[in-house]
Each structure stands twice: as structure tokens, then as C-alpha cells.
Amino acid sequence: MSSRAASVSEKAQADNYFCEVPNDPCAIVMFGASGDLARRKLLPALYDLAIHACLAPRFRLLGFARTEMTDDAFRDEARESLSKDGAKGNEGTLDGDFLKHLQYFSGNYDDSEAYARLGRKLDQLDQQGGLGGNRLFYLATPPEVYPRIVEQLGKSGLAKPKTKDSWARIIIEKPFGHDRDSAQELNQRVLQVFDESQVYRIDHYLGKETVQNLLVLRFGNGIFEPLWNRNYIDHVQITAAESLGVERRAAFYESAGAMRDMIQSHVLQLTSLVAMEAPATFEATPVRNEKIKVLQSIRPYREDIVAKSVVRGQYGPGSVKGTSVAGYREEPGVKPRSSTETFVAMKLLVDNWRWSGVPFYLRTGKRLSQPETEIAIAFKRAPHVVFHGEAVEPNWLVLNIQPDEGISLSFGAKAPGSQMHIHPVTMDFQYRRAFGAGSREAYATLINDCIRGDATLFDRADSVEAAWALVDPILESWRNDPAPPFPNYAAGSEGPRAADELIASEWRRWRPLA
């Protein structure tokens with residue numbers, strides 16, 4: 001066995017996952033290769049796939065950006081990023097195998113001659129490496145550049161498969177549009193160049209193990225699906241909490257806010273997975289058909305509903321994990337009197353047979369006390385309490401998405417002793433404990449799926465537009481209504497008081513952040 005094969009085999013066995021059959025050989029063109037997303041997420045994801053034998057031995061990664069850089073300089077930057085990301089201990093594989101597949105190409109995103117040179121470079125790589133004409137384009141650039149890149153890929157002929165046996169695909173990062181109109185316009189421009197089957201709109205939340213396991217939990221186990229309806233579920237809580245502030249994203253965040261950044265994409269994606277009906281098969285079209293039915297069934301937000309069912313907030317100065325932090329308006333690049341929301345809590349109703357009358361409570365925020373993303377299913381209490389004097393807690397089924405992936409189920413049990421005292425206890429399943437430390441990163445999962453041609457975990461054009469159709473009326477209502485006095489929650493807290501009042505008005509309460 002070669003040293004490369006041995007290192008890959010040992011790493012795959014240690015991490016409990018590998019690819020039995022490597023993917024098609026292909027050239028991956030990463031637009032925005034000199035940027036933060038490429039360094040922090042995409043290069044580590046591709047390296048992860050490489051050491052687990054998921055990339056064909058003949059793959060090539062071609063970084064494309066405006067910054068002038070040599071192949072060696074690009075490889076040096078990649079080596080530094082991967083070492084910071086935890087590639088230490090695999091330097092031999094890193095230097096000897098992965099980095100040699102990396103090359104760099106500089107050019108302006110709207111320069112047709114640059115794309116002609118890119119085409120010639122890809123043809124050369126095909127001849128040298130036997131890549132079969134397969135090409136994956138990844139847009140890791142600012143969103144305003146997307147239309148220019150797509151247009152140039154079309155004009156240069158790179159968007160079409162090179163032969164009848166090859167493929168060309170494109171991954172487009174969120175945000176996909178700024179509202180419904182801009183999303184429709186972007187979809188039109190993309191679909192003038194690419195077929196829908198070639199387009200992979202990525203939301204990295206859908207690549208997380210626990211999110212995928214939600215479908216297995218529901219549709220692969222006979223004990224949960226019979227309870228997954230209005231007869232047994234009291235309400236659903238979906239939380240995406242961050243302890244970080246806006247960091248270096250102030251320019252983006254000022255124009256986006258929590259509603260566009262989190263609710264429209266990540267949180268509504270989780271909502272549709274919780275509420276969807278069983279697909280006929282676990283394939284892209286049936287799964288995505290069921291997801292969009294959920295989005296189309298959510299009760300629209302008229303202006304009077306927004307006032308009663310949606311809360312916005314903005315963090316002020318405070319303390320997170322013992323460290324004093326500035327308020328949002330004091331962050332570099334933020335307007336001194338900014339009305340951008342950094343927190344959203346809302347109630348939504350899914351008007352269909354399964355979920356009629358079951359409220360979904362969603363919340364997301366920055367600079368909260370703990371980073372935590374979870375889906376919590378609250379079951380109805382027993383119809384008759386036979387243990388008088390005992391406060392029996394409701395049963396919870398909780399899917400922890402981050403930071404610790406796992407699933408827990410709570411129920412009441414008699415505490416030891418001569419008296420009948422009921423205490424809540426929990427059965428826990430943790431991915432790390434059950435399967436070791438080898439849980440694949442979300443970006444690695446999704447890039448691997450795209451190379452395989454599996455679009456199940458990616459967004460479709462109609463789904464993106466349906467999500468925007470839900471949040472646009474809320475944003476419009478906010479534009480017409482002055483923001484509440486900001487800041488209205490301290491950094492390091494669990495959000496504004498109005499969010500607690502929203503759920504308390506219906507005799508419920510948020511689950512505390514861990």
C-alpha cells in the first residue's frame with residue numbers, strides 16, 4: 001500500500017467515514033479564492049474530502065480571484081489556513097498530495113478575456129490530468145458579483161458540459177437575493193445560463209449531521225412519526241443563538257440584519273424539515289417538493305400579525321463569558337444610530353392538516369449568552385394528572401445542531417425515596433460519543449454531494465422565492481414602523497424582554513440557552 005493510501009485509510013478508519021468509491025475527476029474553479037470564506041471553510045472542506053478518499057486522485061482546484069498570486073503563493077496560503085484549521089499531524093499528506101492539486105488564476109470577474117484564458121487553462125488541465133471535462137464552479141465572492149460571473153461563464157461557453165458524458169455545475173452561496181424581487185431577478189439571470197439541474201444554492205446548515213438525522217429520526221423510526229402532529233405536539237421551538245457579534249461583517253450586516261441573514265435562510269430551512277411530509281424517496285425532487293409545500297402553507301404575515309407575532313432587538317454593551325463587549329452601534333463600520341436588528345423572535349403557523357393550531361416559535365440573535373442551535377419539540381402534557389401535588393414537566397425531544405451535535409428525549413421518573421416525587425430525566429445521544437470525532441463538516445458534505453450530482457440538501461429556485469415571500473411583508477412593515485428603542489437587550493443576555501412576553505402570552509416559555 002502506498003504512503004498516501006495508508007494515510008488516507010488510517011485517517012478514514014479513525015474518523016469512521018470514508019468514500020468507498022471516489023467521485024468523478026473534476027476541475028473545481030473557486031471564484032473568490034483569496035477571500036475569507038475560501039480560507040476558513042472551503043479549503044478545509046476540500047482537504048477533508050481528499051484525506052477521506054472522496055475526491056478523485058486526479059482532481060484539480062483552480063483558485064480564481066482579482067488578487068495577483070503565483071501557484072506557490074496560493075499553496076502557501078492554503079497550507080497556512082489548513083494548519084490553523086487542524087491539519088497538523090497530516091503534514092505529509094498535506095504537502096505531498098493535496099497541495100499539488102492547487103493552482104491559481106488571476107483575473108477580473110467581468111473580463112471576457114479572463115474567461116477565455118480560464119477556458120484554455122481548463123482544457124489544458126483536462127489533457128494533463130484526465131479530468132473528463134467535469135467542472136464545478138463555486139461562487140465564494142460578494143453577492144453583487146454573482147450576476148457578472150454567471151454572465152461571463154455563459155458567454156465563454158463554460159456553463160455547458162464539454163461533452164455528452166461530462167458535467168458542469170455551479171454552487172452559489174447565500175444570500176441569494178436581498179428580497180423576493182432581487183431573488184427572482186438573480187434566478188432568471190442564472191437560469192438563462194445554467195439549467196436548474198446544474199445549480200446548487202448552498203445553505204451550510206443543511207450539511208450538518210443532526211439536521212440530516214432529523215429526516216432519519218422521523219422517517220426511519222416507527223416510534224416518532226405517529227406522534228409528529230397536532231394531536232401530540234404542543235409547540236415547536238427553533239433557536240439559532242450566537243455569542244459572537246458582527247465581527248468583520250458590519251458592512252454586510254448593516255444591509256441584512258438577523259431577518260435576512262438567519263431567518264430567511266437557515267431557520268426557515270430547519271422549519272420546513274421539521275414540518276414536511278414524508279417524501280416518496282430520499283431523492284432531490286421528492287424532498288424539495290415536500291419542503292416547499294411547508295413554506296407555501298405558512299400563514300402570511302399581514303401588518304397586524306407582524307405587530308403581534310414578531311419581535312426585533314439590537315444588542316447593547318454587556319458581558320459575554322466574563323468579557324466586556326461593545327454594543328452593536330459601537331462596532332466598527334456600524335452607523336451610530338443604526339436600526340438594524342441583531343435579534344428576531346417570531347411565531348409562525350403552518351396551515352395544513354398535520355400542524356393546524358401548533359405554533360412554531362423561532363428566534364435568532366447575536367451576542368447572546370451562549371452559542372446554541374437546536375430544534376425542540378414540546379409534547380402535550382398527559383391529559384389527566386394522577387400524581388397530585390407533583391409538577392410534571394412536558395416531554396421534550398431536542399435536536400442539538402451545534403455546538404454539540406446530538407438528540408435528547410426528556411421524561412418524568414420517580415426519584416429514589418419513600419415518597420412519590422417526579423423528576424425530569426433525559427436520555428441523550430451524542431454524535432461524538434457514539435461515532436467518535438469523525439463527524440464531517442457541513443461544507444465537506446455539501447461539496448461532496450454536488451460533485452456526486454445529489455441536490456437533495458440544496459435549495460431550489462422556487463423555495464428561495466417562497467422564503468422571501470414570507471419575510472418580505474415583515475421587512476416592509478418594519479420600514480413603515482419606527483424601530484423600538486435600540487439597544488433593547490444587553491450583550492450576554494438571552495434577548496429582549498419582548499421576546500419572553502411573546503411566548504409567555506400563550507403560557508409558554510423559551511428553553512434557556514445552555
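Colleague: Which residue has Lys208 lying over its face?
Modeller: Quick heads-up, this is a predicted model. For a charge to sit over a ring, NZ of Lys has to be within 6 Å of the ring centre. Lys208 is at 5.7 Å from the ring centre, and the ring belongs to Tyr205.

Colleague: And how far is the charged end of Arg169 from the centre of the ring of Trp167?
Modeller: For Arg, the atom to look at is CZ, again with a limit of 6 Å from the ring centre. The charged end of Arg169 sits over the ring of Trp167, and its distance from the centre is 4.0 Å.

Colleague: Let's go on to rings meeting rings. How many aromatic pairs are there?
Modeller: Rings pair if their centres lie within 6.5 Å. Going by that rule, the count is 17 aromatic pairs.

Colleague: Take Tyr315 and Tyr489: is the pair stacked or edge-to-face?
Modeller: You describe a pair of aromatic rings by the distance of the centres and the angle of the planes. Here the centres are 6.4 Å apart and the planes sit at 65 degrees. Planes over 60 degrees apart get their own label, so Tyr315 and Tyr489 are edge-to-face.

Colleague: Now helix α9. Where does it bend?
Modeller: Helix α9 covers residues 250-275. Of its 26 residues, 23 are buried, so the helix is mostly covered. The bend is about 95 degrees, and you'll find it at Gly257.

Colleague: Zooming out, what radius of gyration does the protein chain have?
Modeller: The chain holds 15 helices and 18 strands, and its C-alpha atoms fill a box of roughly 80 × 55 × 50 Å along the principal axes. With 514 residues, a compact globule would come out near 24 Å. The chain agrees with that, because its radius of gyration is 24 Å.

Colleague: What share of the residues is buried?
Modeller: Start with the contacts that have a separation of 6 or more: 77% of them are between residues 24 or more positions apart. As for cover, take the 514 residues and apply the limit of under 20% relative accessible area. The buried share is 54%.

Note on methods:
Residues are numbered from 1 along each chain as its sequence is written. This is a predicted model: local features need pLDDT of at least 70, side-chain atom pairs count only at pLDDT 80 or more; totals for chains, interfaces and linings use all residues. Side-chain values use heavy atoms; hydrogens and water are left out. The bend at a residue is the angle between axes fitted to the seven residues ending there and the seven starting there. Helices (H or I, at least four residues) and strands (E, at least two) are DSSP runs, numbered from the N terminus. Buried means under 20% relative accessible area, exposed over 50%, partly exposed in between (1.4 Å probe, protein chains only). Rings of Phe, Tyr and Trp (its six-membered ring) pair if their centres lie within 6.5 Å; planes under 30 degrees apart count as stacked, over 60 as edge-to-face and the rest as tilted. A charge sits over a ring if NZ of Lys or CZ of Arg is within 6 Å of the ring centre and within 35 degrees of the ring normal. The radius of gyration is taken over C-alpha atoms; the globule rule is 2.2 Å times the number of residues to the power 0.38. Contact means heavy atoms within 4.5 Å.
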